[in-house]
Every structure is written in structure tokens, then in C-alpha cells.
Amino acid sequence: MVSEPIAEPLVAPTSRVPFDEPITDWRHRHLLDVDNLSKEEILRILSTASAMAEVLDRSVARTPALRGVTIFNLFYEASTRTRSSFELAGKILGADVINVSGSGSSVEKGESLVETLNTLSAVGADAVVMRHHASGAPWLAARTIQGHIINAGDGQHAHPTQALLDAYILLEEFGDLTGRKVVIVGDILHSRVARSNIWSLTTLGAKVTLVAPRPLIPASMAPGAGEPEHPLALPSVQVAADLDEAIVGADAVMALRIQNERLQGKLLPSSAEFARRYQLTAERVAMASPHAIVMHPGPMNEGVEIAVDVAHGPQSRIEAQVSAGLAVRMAILFLLIRGGA
Amino acid sequence: MNRILVYGGHVIDPASGIDERLDVLVVDGRIAEVGADLAAPEGADLLAASGLVVAPGFVDLHTHLREPGQEHKETIASGARAAARGGFTTICAMPNTEPALDSAAIIDGMLQRAQDVDCRVLPIGAVSKARAGKELTELSALRDAGAVAVSDDGDAVADTSLARRAFEYLADLDIPLAEHCEDPAIAQGGVMHDGAVSARLGLRGQPAAAELSIVQRDIALAEAAGAQFHACHISTEPSLQAIADARARGLHVTAEVTPHHLYLTHDVVAGSSDELLYDTNAKVNPPLRTDSDVQACIDALAGGVVDAVATDHAPHAAIDKQCEFDAAAFGISGLESAWGVVNSLVIAGRLTLSDAIERLTIGPVRAWNLDQGALIGLGTLQVGAPADLTLLSTDAVSRVQPASWASKGKNTPLDGHSLIGLVAATISQGRIVWDGREQ
């Protein structure tokens, strides 16, 4: 569990969050991504999460803030930490949480996403937490049904609660992210974690550097791509191919999971070749700032994108990320559902 | 005797250079006379065209009719009705039906069902059996059954050895290979253009290089074989440059662009930054590209590097689009908005009205050498030509309303857009098949 409150400017005490009163000033009905959240809104979520962390520290970690609320976890992809984290978050807040997965449901019988959502809506879902393999699926959901939609990861697009819990860890560590250098290394192209983090970290004032071999960077973002500024593009960030250079002076380094099938010769030569240039090793972490922290959204391929000793070393915040995820997801459920937008 | 007098309109016939206020007399399905103040023969139908442009009926080199096999998306009859409403009097039907148009017998059956519909339907045969890309079809039999070109459209002829043999064989048959220029090894299942918007949306991108790769390959193969390479729906600046270079060298390379690639960028997939759309109606192959690609397509059309505007009309049922972007079908229903898009470019000063009409009439006819036999004069208003005419407004503002379309395919990202120009009436083979003139 997260034990320490977030440093200034966040506020922590439970008294600041009256769990039994409706919230009138939260304008978002859904959490689809972090791209439309202001800095103040992100901080509001994180301070609420901090209050939730206090609840988690109680001897009986329960509060009836969402009693009478029905939440469906609709997961089309396998997930351990995100799904269980959302389930626990809902249950601690007193909601009824029902898990629906792609296998063992009518999805397997060929039911369309739209029909599945309409079914959940018809049985009274107040909120649907969804993970889906198709980028953009939660946007379709938000246009389809009345309930709150919480994106628990869509394709290669967005993973807002991961980005928020990462911001929670970083703020807990540094208090303020203005000017802080955050390096994200690995499979940027296929990563929803990277995309959402680019939004939230730049909104919070951090300097973001993406590091990856060319096949794992979106072509339009690669150095020298020559793409003109585009109003719909991701925020402008540094992109580098050389981790040894990019990591120098970093305040935080985030390694991304790389899937094994991407390391079998077509996209990249081999797992060893990738590790040689991009693995987060103790030697490389030593080139970062002395106070630098190491993060990973999990699940890890230890020995590929991150060395075992780094994953479990003193600078690692990987376990703390998982714990923070629970508090952040409690905060999200609470703000969206009690927010009344 | 069936006579129609179209009077009081502004006749534009790019093939003959006519561009003035004249009347057109149609007798028994042929153009009988074009002249000033023609007297109406007894019993003639009178079609008032004042304030309208009178042009040869449009010719579409690239239409997907879903019959046989997917009649819930479009039938030959509904597609032909949509064509008539869009000003098209001749449409070339792509072979990716179920079964594919890969044998003379299947083409025969299709042509029989197309006999009495609201426009002329010219079949395009498949290059490979079942469009599987493995074995060549009986190409001369397809041509003799009426195929005006061959294509595996929907997919490229990806196997280079098969493409080579197809070009060699076609060199003796005098019909083009109409290629869907997309190298699958490069496109790798991309669902939109590989660029800033795909990076934002986390959608798999299809790079411009996937198109250029096949364009360059086919230029080389067609040159070696002495055959015609027709590049379907070209969408990127580098491909247009390669085509321009090949044409400058005198190779028999022809090309088409679609209205949507002349008008829309990949931005419409995203919608706006405030509310991402993932608009499945903007999912099309080749994908909508960047603004500089759009500008290059317009310039190539105006400059004559591209022979024709072709719709790539690809109707789908609602359920094919009301789903996740990855799962949605590729394609835009385009017959009934084509004129509004092209004319809007004219209004914007990007090409002349006469050139716009040229690229919809005699341009495509010449590209595929269609004015032979009974079709002598196709795409023109010359005396004796088939009586295919369309009456166009060039200044009426029209809102795109697919719900009111004749096509079963309501799938268009232009839904709700305002375009300038509409099709007031259409005569196909001497028959008034569409009359939407204000009464």
C-alpha cells in the first residue's frame, strides 16, 4: 500500500474528500484518455487518490462511497494487475463489481461490441471499465451507452489509469515535475502506456524523451521524419535512438514491455540485440541522475528490457506503481461516478 | 421514335471543345444534333436546362457493385440508380464480388442482370482466379466476354512473377491491368495512413511507400512487357511523381484519383482533438493521406498526369461500419457525392470546369480506349454517340445526405458536409433515368 502522502502541492487528508457528498465540479463523464485533462484536473485526481491511499491504510479498508453502484469490468484482453486493481477499487468503495471477459461470454459467440455494451446498459451498468484490443473502442462505447466509460487500455492507443498512477509515483518522488527529465525506453510504437504518459507528463511540465530503435517508433515521430507540425499529433517530445546518451541526467526512466514475438527477427534481430542497446542495466541507470527512479508498467520481461537487479533494486518503484494503481483507480471511479457529469 | 430535346443549357463537351449555350437533340438513344435554338420535333420530351451545364454522362472506371454475393450492400440495380443520380452513365464494375468475376460465364451472368438498369455497366475481370493471387484467369476469354480491364482490386497482384506474366499476356489483348497499388509486405495490415494521426490514435499505419513500391514495380513490368499499367486510386505525392515520370518517358501508364483523396485528409479519421471520432466511415483503402498528398492529387488531376476521377464507390451495410475501427470494412460510398466534390474544387479555382468534366468523361474513355464498336463516341456529345448526358448545377449548395441516396451504402465521411454543385438530371442511352430538377 502507498504509505506516504504525496508531497506538495497535493493535499492528502481524508477530511478533504467528503465521500458521502456528490461532487459538483468534475466535468468529465468518462475517462477515455488523459489527453483532455488539465494539469489541475490531473492533480485533483491524484490528491483524491492520496485520500484513497489513506482509506487503504485503515484497519478495515472499506468505505461506502459507491454503495448501490454497479460497475462492469469488460475485458477483451488478458490482464492481471489492471483488472484485479479495478475490481478491488470498486469493491473497497462499496460498489457491485461484475467481471465480463472476452472468453466465456457471448463475445465468444460472435456478439458485437455495440451489442455487448447495450446488454450491459440494459442490465443497469452505471459504469463500464473496458479493456479492448482495438484502439478507439472506448470512444465507440462512450457514444453507444449512457454509463460512464473508463478506459483500462485500448489497443496501442491509451492507458490513462496507468499514466495517472505513474504520475502519482513521480509526484510522490519529486513533488513537482516541471523541468524533470523522464526517459521512456522500448517499444513506443505499440505502447498505449507510452502514448498516455506523453500526454500526462507533458501536461505536468516534464521533459519527455522517447528512446527506441527506428522500427519501434511511429514513423512520423522518428528523428528526421520531416513531418510538419500537425494539430492532431501527439505533443512534441524528444526522440532518440541511443539510450546511453539519452539517459544522462534523467530523473526517471520508464522501461516498456516488449513482446516476445517482436524480437524474433522481423521487427528486431533478436532479444539479445535489443538488450544490448536498450536494456535498463545498472550501468545505464548509473548514468542517470543519482536520485533517479526506475519504473515499468508490467508485466516485465526481466533480462530483456530491464535487468533483474535493476527491477528489484533500490531505485525501482515498480511495486509501488502497482500499489498506487489501486488508489488511483478508486479515485477515478469515485470522481466519475459521484461527479455526476 | 424516342426523342428528347435538352434545351437552354450551357453545353460543355471537352472532346470537341464545345463550351456554349446550345440545345441537344437525342433520337433513339443516340446524339442526333447539337446546335443553337433547335426546334423540338413532334412528340419529343422537352428537358429544360437553363442555368445548368449539359455534359456527356460521366464514366466511372472504378465502381464496386456487390452483386453477386453481397446484395445487402448493393445490387447492380441500386448501384446503377446511384450512378444515375451522380451523373454517371457508364460504370466499370470491379470484380471483387462473391464469386469474383474471374470467368466468362460469371461475367455473362453479371451483364445479363445489368441489361435494364439505369446506366451502362462494363465489367472488369479478375487477374487471378478467385482473386487469390495464385493463378492467372483466362484473360482473353474475359476480354471477349466484355471485360474492359482486369484487376484484383481490393488487393494488389502481390506476387511479382504473376504480375509480370499478366502484363506480358495483356500486351497482346489491348486491355489494361488496373492495379490496386498496395504492397502488403509494407502495408502490413495498416488501417489508415501512417503519419501523425495514426501515431496519435494508436492505429496501425500504412506508409506511402506501400503504394510507391507497387507503382514503381508495375511501371517496370509494364515497360518490359509493352503493356498498359493503369494505377487505381492513387493517393500519395511520390506515386504521382513516379507516374508523371513514366508518362513523360512515353510509357503506357494511366491513372485515376478518387474524389475522397482530392478532398479529405487523414485528419477526418480522428475528428477533433477534443473528441476523437475514430470515424469508420473514413476508413478506406488506400487511406486518406496528408494535406500535401491531397494537394498533389489535385495538381496531378488539373495538370493531366491523372486521366480520370474514379469514385471507388464501395458501399457497405451499416453494421460493417458500426464497430471498432480495426474491425470496420474499408470503403466509401461515392457515386452520389462525386460531382459535388469535384465541382467544389472548380469553385475553389483548382481546375477549370472543362477539365473537371474532361476527367469524368472523355478522360477515362481514352485512358481505357472504351470508344469502340457500339460505344464509338462514348464520353462525348458528337453526333452518333450514345445518348448519355448529365445536367449539372455548378452553383447550388447541397448538403450530403446519404439517408436520401439511392445507393444502399450510406457510408461516407462527408455526411452532413456542404458541397457546391449537384446533378440535376441524367439521360442514359436515350432514357431519362434521373430528374431532380427543381420544378
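Reader: Two strands pair if DSSP finds at least two bridges between them. With that settled, what is the bridge partner of A:His132 in β4(A)?

Author: A:Asp154. Bear in mind that this is a predicted model.

Reader: Noted. How many bridges hold β3(A) and β4(A)?

Author: There are 5, and the two strands run in the parallel sense.

Reader: And which strand does β1 of chain A join through 5 bridges?

Author: β3 of chain A. Strand β1 covers residues 70-75 and β3 covers residues 127-132. These two are parallel as well.

Reader: Give me one facing pair there. What stands opposite A:Phe75?

Author: A:Arg131, in β3(A).

Reader: OK, what order do the strands of the sheet take?

Author: The order is β2-β1-β3-β4 in chain A. These 4 strands make an open sheet with parallel pairing.

Reader: Which strands stand at the edges?

Author: β2 (96-101) and β4 of chain A. Each has a single partner strand, so one side of each lacks a neighbour in the sheet.

Reader: Which strands does α11(A) lie across?

Author: β1, β3 and β4 of chain A. The helix runs at about 150 degrees to β4(A).

Reader: Switching to domains. What does the assignment give for chain A?

Author: Domain 1 is 14-158 + 322-339, and domain 2 is 160-321. Their C-alpha centres lie 26 Å apart.

Reader: Now chain B. Where do its domains fall?

Author: Domain 1 takes 3-53 + 386-435, and domain 2 takes 56-375. The centres, over C-alpha atoms, are separated by 25 Å.

Reader: And how many residues are in that contact?

Author: Domain 1 of chain B puts in 35 residues and domain 2 of chain B puts in 46 residues.

Reader: Which elements of domain 1 give two or more residues to it?

Author: β1 (3-13), β15 (389-399), β16 (418-428) and β17 (431-435) of chain B. β16(B) gives the most to that side, 7 residues. The residues on the side of domain 1 of chain B divide into 18 nonpolar, 11 polar and 6 charged.

Reader: What about contact between the chains? How many residues of chain A and of chain B?

Author: 26 residues of chain A are in contact with 23 residues of chain B. On the chain A side, α3 (113-122), α4 (137-144) and α6 (192-203) give two or more residues. The largest share comes from α4(A), with 3 residues.

Reader: What kinds of residue make up that chain A side?

Author: 14 nonpolar, 9 polar and 3 charged.

Reader: Where is the place of B:Asp326?

Author: In the loop between β14 (308-309) and α12 (338-347) of chain B.

Reader: Why does B:Asp326 count as partly exposed?

Author: Because B:Asp326 has 19 C-beta neighbours inside 10 Å, and a residue is buried at 20 or more.

Reader: Last one, α8 of chain B. What span should the helix have?

Author: 16 Å. Helix α8 (residues 237-248) has 12 residues, and its end C-alpha atoms are 16 Å apart, which agrees.

Reader: Which residues of α8(B) are buried?

Author: B:Glu237, B:Ser239, B:Leu240, B:Ala242, B:Ile243 and B:Ala246. Their cover includes α7 (208-225), β12 (229-231), β13 (253-257) and α11 (291-303) of chain B.

Reader: And what is the phi of B:Gly250, which follows the helix?

Author: Positive, near 85 degrees.

Notes. Residues are numbered from 1 along each chain as its sequence is written. Chains are lettered from A and ligands numbered from 1 in the order in which they are written. This is a predicted model: local features need pLDDT of at least 70, side-chain atom pairs count only at pLDDT 80 or more; totals for chains, interfaces and linings use all residues. Domain bounds come from an automatic or database domain assignment. Two residues are in contact if their C-beta atoms, placed from the backbone, lie within 7 Å. Ala, Val, Leu, Ile, Met, Phe, Trp, Tyr, Cys and Pro count as nonpolar, Asp, Glu, Lys and Arg as charged, and the others, Gly among them, as polar. Axes are lines fitted to C-alpha atoms, for helices over the stretch in contact, and angles run from 0 to 180 degrees between N-to-C directions. The expected span of a helix is 1.5 Å times one less than its number of residues. A residue is buried if 20 or more other C-beta atoms lie within 10 Å of its own, exposed if 12 or fewer, and partly exposed in between; C-beta atoms are placed from the backbone.
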